[in-house]
Amino acid sequence: MNAEAQQMENNNTHAFETDVSRLLDIVANALYSNRDVFLRELISNAADACDRLRYDTIQNKELKSDDSDFEIHISIDRDKQTLTIRDNGIGMDKDDLIQNLGTIARSGTAAILENLKQQGNDGDMSLIGQFGVGFYASFMVADTVDVISKKAGSDKAYKWSSDGRTGYSIDDTSKDETGTEITLHLKTDAMDYSIDDKIKQIVQTYSDHIDIPVFLDTAEQNAEEPLNAASALWTRPKNDITEEQYKEFYHHIAQTFDEPLLTAHWKAEGVIEYTGLLFIPTMRPFDLYDPQRAHALRLYVKKVFISDKVDNLVYPWLRFIRGIVDTQDLPLNISREMLQNNPVVAKMRKGITKKILSELYSLSNKDNDTFETFWHQFGAVLKEGLYDAAEHRDDIFKVCRFATTEGNKLTSLADYVTRMKDGQDEIYYLSGEDAKSLKRSPQLEGFTARGLEVILMTDTIDEFWLQMVTEFDGKKFRSVTKGQVDLNQFDSDDKKDDGNKDEEKTSSESADKFAHYLKEQLGDDISYVRISKRLTNSPVCLIAEDGSVDMHMEKVLKIQQQYDPTIKKVLEINKDHSLIKKMIDQYETSESNIDLQDAARLLLDQALIIQGETIPDPSEFARRMASFMEKGL
Ligand code: ADP
Ligand code: MG
């Protein structure tokens, strides 16, 4: 701590963390057009605070001494040019104030927001709530913010105050009611927030679905009617809810501001009863791959918010779902620990999974474009379920899509199966990083020449489920870069003119001898050399042996440093390729084989390069290459 900061601490004055200062700087310079969101954020915090106290009083009745209802009150003081938002929720003590309003919970948040700003979302603060920093949005409209708060169960109150620049002060104060009162001293250019109609309009747009009533009071008296509907949205009949209301509710609970791609609102009635209101986002949440991500499904029991951290309520591979589940079948005072292994929770998870998968399936049938948007955002995550949840596997497969060698459209496995050739009893696939470069793989040539469609698996996760899931619809998955495939049973398109080419074909005997020679030259770098049945245009390719890991999997394992390098690959050669033919010729006729030895090495290096592998000795490769080029020129 530097001297200045030390000095500040002594006067009940605290310096902001560097990250907070950076953030406030962005906030203060935000565009006018979306400044309204500050109110949505403050109301959302006030409602959360009420939810939390409601939950805590189930365990400890004494926390809420009066039996008044939970309420949020907004008031305007035109003389002082202030706007005040007051709740009777859980409140904050001194530590809470320091922790919650002086730091940023998630490190790196300021950097993300700065990034967004640079990406052309210049000053667009509508996303702010998503990052757990909604409170700071107050500084878009206020030059000073005062927070007076008294925590439930405590009789001390504190006043936090800041100009949103360098730091804040905290002082003792007094307050009758438990809860928090936030006063914004409006900037001169933000005076429209002291107009009743403006506030009404913002609350109705953004906060109508909040189930705590929000009142706009006058200086003289409290309002009688709340501005919002103030009933839990999911308890209302579906037909009474507009798309707009669903959307606002989604924005509130998911803390995100895209459109929901899919909305599922249903009541399950059976052994257990619950209501689900779930959404699939259009945009991938920024923390999809962050194990500590927040805002999972929210669990309610009889309309009381219990927790949004019940892991078992959703499978990890459906972690992009947002929304709420409300059940009658759990006791209100259930502890969060008890929830982890609760059979009711497990049953709801099953129901939720089934519902979401069936909704996705019907979406795929009626609106393929939207479905594909979903697939591009979340497909890779969903596929984790193929090995994680065998009981849902069939339903997951129904909504899985894959690129293939035929055309640029994605296909389902079921559709692929209907296109399989007569006699084809396996599902061919090739895995690697991206479809475009995969399509050029030499291992595909024999398949393409015979019109056999090959699925291109381009997500890392594919390698993992393919280890566990060996077949679909009774047909085995077969990697085209692995083991021996016999494609001779399928008609090749150029087989028809085989007649006039026959004379040029290399005899198997010569080819076998040459293969033997190649293996001698390449020694332990490969397991053996085989005459290829899958190549048509390229001279060579590498293949993984049956029973070993597929080649792309090997790469994945290497990255994770779990790879056993003693497993060698098979080098397949195309005996009818002109280069191989020349080499065989030379091998059979020439005495000195110095060049041939170099050529053998180059063949292997070439196969490695096509595979996207590094070659073992680049300088030797360059030397051989140069020497051949010299001769060629
Ligand atoms: P988030 O709501 O995503 O956590 P915010 O910046 O909006 O982020 O709020 C930060 C924290 O400050 C909240 O998590 C909460 O702990 C606390 N807080 C804000 N407003 C209130 C309030 N009215 N009552 C109690 N706590 C509050
Ligand atoms: Mg908030």
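Are Phe 397 and Phe 472 buried or exposed? In this predicted model, Phe 397 is buried, and Phe 472 is buried as well.

**View 1. Aromatic pairs, with Phe 320 and Phe 378 as an example.** The structure contains 25 aromatic pairs. In one of them, the ring centres of Phe 320 and Phe 378 are 4.4 Å apart and the ring planes meet at 20 degrees, so the pair is stacked. Phe 320 belongs to the loop between strand S12 (304–307) and strand S13 (322–327), whereas Phe 378 belongs to helix H10 (residues 368–382); the pair therefore ties together parts that are 58 residues apart in sequence. Phe 320 has a relative accessible area of 0% and is buried. Phe 378 also counts as buried, at 0% relative accessibility.

**View 2. The ring pair of Phe 397 and Phe 472.** Here the ring centres lie 5.2 Å apart with the planes at 70 degrees; because planes over 60 degrees apart count as edge-to-face, the pair is assigned to that class. Phe 397 is found in helix H12 (residues 393–398) and Phe 472 in strand S17 (residues 471–472), so this pair links distant parts of the chain, 75 residues apart.

**View 3. A cluster of aromatic rings.** Trp 234, Phe 249, Tyr 250, Phe 279, Tyr 300 and Phe 305 are linked into a cluster by ring pairs.

**View 4. Charged side chains over aromatic rings.** The charged end of Arg 40 is placed over the ring of Tyr 206, at 5.2 Å from the ring centre. Lys 64 lies over the face of Phe 70, 4.6 Å from the centre of that ring.

Conventions
Residues numbered from 1 in each chain as written. Chains lettered and ligands numbered in written order. Predicted model: local features only at pLDDT ≥ 70, side-chain atom pairs only at ≥ 80, totals over all residues. Heavy atoms only, no water. Phe/Tyr/Trp six-rings, centres within 6.5 Å; stacked < 30°, edge-to-face > 60°. Helix = DSSP H or I, 4+ residues; strand = E, 2+ residues; numbered from the N terminus. Buried < 20%, exposed > 50% of the residue type's maximum accessible area, 1.4 Å probe, protein only. Lys NZ or Arg CZ within 6 Å of the ring centre and 35° of its normal.
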